[in-house]
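Keep the structure open beside you as you read.

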Amino acid sequence: MDKAKAHLLQNYKQQPIVLERGLGSRVWDAEGREYLDLISGIATCGLGHCHPEVLVAVKAQLEKLWHVSNVFFSEPQIELASRLTAAAGLERAFFCNSGGEANEALLKLARKVQKDRGNPDRYEVITFDNSFHGRTLATVTATGQPKYHKGFEPLPAGFTHVPYGDLEAVRKAVGPHTAAILVEPIQGEGGVRQAPPGFLKALRALCDEKGLLLLVDEIQTGMGRTGKVFAFQHEGILPDAISLAKALGNGLPIGAMLCTEEAGKSLVPGTHGSTFGGNLVAAAAANVVVRKVTEPQMLRDVAQKGEYFLSRLRELQGRLPTVIKDARGMGLLVGVELFQDAAPFIAKCRELGMLVNAAGEKTIRFAPAYTVANDDLDHGVRILERALKS
């Protein structure tokens, strides 16, 4: 940690442990101490650490070929595109390395589609207060949290933020320059806040009415996290395009944008690209992930475990009503909002052997592996109770 302070850019508030190995829902630090990991790399290791099937696939690919760039075809990437588009009901896939890049692709797609439709003045994107879409200059501007904007002004033009879940505010914000609406089904970084029932369906109807693209940020909610492969599927809609990352590679860096055939026609050769996007090793891991999270039993397990975990947390809220303000979430993306700052309680959870992190200043976020056992969830609730009572 001293070496890290001397050499790493000090842009993270890192918890003071050095993690060395993991298996399933457990990780161990450099001193050999074991932790129950209920954040899984911030909703990333959905199948758990060092999942055996992912490990086999990655090792096999490492022994054959690592990287060829997108100048050539590669079988793992083509297979992944086929699996993802089938699961989403969309037709085209673009691969990149991160969620920020996936959202950049969404933003470029929206502008290019509108220009190709003969609407060169339509370039603005409506996003939402408390949203989070990435760290690039465009995606941080799309993010509806001013704290992430500070120090990077002037920000790029073309973004309007409105209250999350307020359909009338969205309708009023639509103007002659509006190209698209970008929305998270659940605001992960914004405090694990879920859109009101019917909100995404209403946005789909509004976009159809006004000739806009509906873009859905599935970076935290996608790949089985909510009990469906993609969270937009709870509303029975089809977006024009979605972004993916995090759990897609189970810890290996890969992102994706999926879109309709019509929208995809706008990104012709030369309009967008990525050197490492769809890297063979990451794609090999992602193929295992997609195969696993499209299994009906896996999705049922996530939904059932999520309901069980949330019920236990709400029981805890009943025992500590002056400490816990709310317990909410869907599937295995859950937030516990406190009446005070969450940071000291997160530190106490770590001291007691459990890893979680914050989503906003007062919300403790849980995003365990889909393979987590109910006994581990019970153990996590007991640790949280001890931490909150401390």
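Which residue stands opposite phenylalanine 95 in β12? The residue is alanine 256. Please keep in mind that this is a predicted model.

**Strand β12 and its partners**

Strands β4 and β12 run antiparallel and are joined by five bridges. On β12 there is a second pairing to look at, with β11: these strands also run antiparallel, and four bridges join them. Within that pairing, isoleucine 242 has leucine 258 of β12 as its bridge partner.

Is β12 largely enclosed or left open by the rest of the structure? It is largely enclosed, because five of its five residues are buried. Both faces of the strand are covered. Gly255, Met257 and Cys259 are buried on one side, while Ala256 and Leu258 are buried on the other.

**A four-stranded open sheet**

Elsewhere you can find an open sheet of four strands, in the order β13-β14-β17-β16, with antiparallel pairing. Its edges are β13 (324-330) and β16 (357-358); each has a single partner strand, so one side of each is left without a neighbour in the sheet. The partner of β16 is β17 (residues 363-366), and the two pair in the antiparallel sense over two bridges. There, asparagine 357 stands opposite arginine 365 of β17.

**Empty spaces**

Now to the places where space is left. A probe the size of a water molecule, rolled over the atoms, shows where such empty space lies. The structure holds two cavities of 30 Å³ or more.

| Space | Volume | Lining by class |
|---|---|---|
| Largest cavity | about 50 Å³ | four nonpolar, nine polar, no charged residues |
| Second largest cavity | about 30 Å³ | two nonpolar, five polar, one charged residues |
| Second largest pocket | about 500 Å³ | eight nonpolar, four polar, one charged residues |

The largest cavity is lined by 13 residues, and Ser69, Asn70, Gln77, Gly277 and Gly278 lie nearest its centre. The second largest cavity is lined by Gly24, Ser25, Asp37, Ser40, Cys45, Gly48, His49 and Ala369.

The second largest pocket also has a lining of 13 residues, and those nearest its centre are Arg92, Ala93, Phe94, Gly264 and Leu267. Two elements give two or more residues to this lining, namely β4 (92-96) and β12 (255-259). The largest share, three residues, comes from β4.

Most residues other than glycine have a negative phi, and most peptide bonds are trans.

Serine 69 is not a glycine, yet its phi is positive, at about 75 degrees. Its place is the loop between α3 (52-62) and α4 (75-88). Serine 69 is partly exposed, with a relative accessible area of 21%, and is among the residues nearest the centre of the largest cavity.

Methionine 223 also has a positive phi, near 60 degrees. It sits in the loop between β10 (213-217) and β11 (241-244). Is methionine 223 buried or exposed? It is buried, with a relative accessible area of 1%.

Proline 154 belongs to the loop between α6 (137-142) and β6 (159-162).

**Arginine 117**

One last stop is arginine 117, in the loop between α5 (99-116) and β5 (124-128). Arginine 117 is partly exposed, with a relative accessible area of 37%. What does it contact, leaving aside its neighbours within four places in sequence? The contacts are Gly211, Leu213 and Glu262. With glycine 211, the side chain of arginine 117 reaches the backbone oxygen at 3.2 Å. Arginine 117 and serine 266 are 149 residues apart in sequence, yet their C-alpha atoms are 9.4 Å apart in space.

Note on methods: Residues are numbered from 1 along each chain as its sequence is written. This is a predicted model: local features need pLDDT of at least 70, side-chain atom pairs count only at pLDDT 80 or more; totals for chains, interfaces and linings use all residues. Side-chain values use heavy atoms; hydrogens and water are left out. On a 1 Å grid over the protein atoms alone, a cavity is a set of points where a 1.4 Å probe fits but cannot get out, and a pocket is an open set with protein on both sides within 12 Å along at least five of seven lines; lining residues have an atom within 4 Å of a point. Grid points are joined across faces, edges and corners, and a volume is the space filled by probe spheres set on the points. Ala, Val, Leu, Ile, Met, Phe, Trp, Tyr, Cys and Pro count as nonpolar, Asp, Glu, Lys and Arg as charged, and the others, Gly among them, as polar. Buried means under 20% relative accessible area, exposed over 50%, partly exposed in between (1.4 Å probe, protein chains only). Contact means heavy atoms within 4.5 Å. A polar contact is a pair of N or O atoms within 3.5 Å; within protein, one must be able to donate a hydrogen and the other to accept it, and residues adjacent in sequence count only if both atoms are side-chain atoms. Two strands pair if DSSP finds at least two bridges between them.
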